[in-house]
Amino acid sequence: MRRLIVILFISFSVVLIAQEKKEKPLDIAKARFLLRAGNKQYAAKNYSEAQALYKKALDKNGNYSKAVFNLGNAIYKQKNYKDALPQFELNAKLAKSKQDKSQAYHNIGDLQMKQKQYSKAVEAFKNALRNNSKDEDTRYNLALAQKLL
C-alpha cells in the first residue's frame, strides 16, 4: 500500500512539473512573428517601433533570448545606454550558446565604454573572450579599454 501511495505521488508530481514547463505553442509563434516584425523595423532604422515590437514579443515569451538581445540593441541605437544595459545582462544569463553569451558581454563592454566605465568594460570584454576566444573585435576593444583604464 505504501508503495502504491509513493508511486501515485511521484506520478502526480511529474504531471504537475510537466504542465508547468509546457509553453503555449501559439504564444511562441506570436513571439517569433513579433520578433521578425521588429527586425524589419530595426533594419529600416525605426528603432522605437522595433523596441515596441520586441517588448510585445517578450510579453508572449518572457525568456525569448533573441528578443531580449534585439530589444537591447534597439534601445542602444536610441542612445539610451542606461536602459540597454539590463537587457544585455539578462541576455547573457538567458543565452544558451557561448556565441550568444559572447555577443551579450561584448555589447555590455561597449555600453560601459560609452559611459567611460573602463574597468567594467575590461571585465565584460574578458567575459566575451572566455566565451569566444576568436573574436578579434572584442580583443581590440579589450586592448582599447585597458589602455583607457
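Predicted model: local features only at pLDDT ≥ 70, side-chain atom pairs only at ≥ 80, totals over all residues.
Local features need pLDDT of at least 70, side-chain atom pairs count only at pLDDT 80 or more, and totals for chains, interfaces and linings use all residues. Residues are numbered from 1 along each chain as its sequence is written, and side-chain values use heavy atoms, without hydrogens and water.

**Exercise 1.** Find which residues of helix 8 are buried, and what covers them.

*Solution.* 
- Step 1: locate the helix. Helices are DSSP runs (H or I, at least four residues), numbered from the N terminus. Helix 8 covers residues 136–148.
- Step 2: apply the cut-offs. Buried means under 20% relative accessible area, exposed over 50%, and partly exposed in between (1.4 Å probe, protein chains only). Thr 138, Asn 141, Leu 142 and Ala 145 are buried.
- Step 3: look down the axis. The buried residues of helix 8 fall within an arc of 105°, so they line one face. The arc is taken from the directions from the helix axis to the C-beta atoms.
- Step 4: turn to the face away from the buried side. Tyr 140 and Lys 147 are exposed there.
- Step 5: name the cover. It includes helix 6 (98–114) and helix 7 (118–131).

**Exercise 2.** Classify the ring pair of Tyr 42 and Tyr 47, then that of Phe 69 and Phe 88.

*Solution.* 
- Step 1: state the rule. Rings of Phe, Tyr and Trp (its six-membered ring) pair if their centres lie within 6.5 Å; planes under 30 degrees apart count as stacked, over 60 as edge-to-face and the rest as tilted. The count comes to three aromatic pairs.
- Step 2: take Tyr 42 and Tyr 47. Their centres are 5.1 Å apart and their planes at 70°, so the pair is edge-to-face.
- Step 3: take Phe 69 and Phe 88. Their centres are 5.8 Å apart and their planes at 65°, so this pair is edge-to-face.
- Step 4: Phe 69 is in helix 4 (residues 65–77) and Phe 88 in helix 5 (residues 81–94), 19 residues apart. Both Phe 69 and Phe 88 are buried.

**Exercise 3.** Describe the largest nonpolar core.

*Solution.* 
- Step 1: define it. A nonpolar core is a set of buried Ala, Val, Leu, Ile, Met, Phe, Trp, Tyr and Cys residues joined through side-chain atoms within 4.5 Å.
- Step 2: give its size. The largest core has 22 residues. Those with the most contacts inside it include Phe 88 and Leu 111.
- Step 3: find the main contributor. Helix 4 gives the largest share, six residues.
- Step 4: look elsewhere. Apart from this core lies another, of eight residues, among them Met 113 and Ala 145.

Key: Helix = DSSP H or I, 4+ residues; strand = E, 2+ residues; numbered from the N terminus. Expected span 1.5 Å × (residues − 1). Contact = heavy atoms within 4.5 Å.
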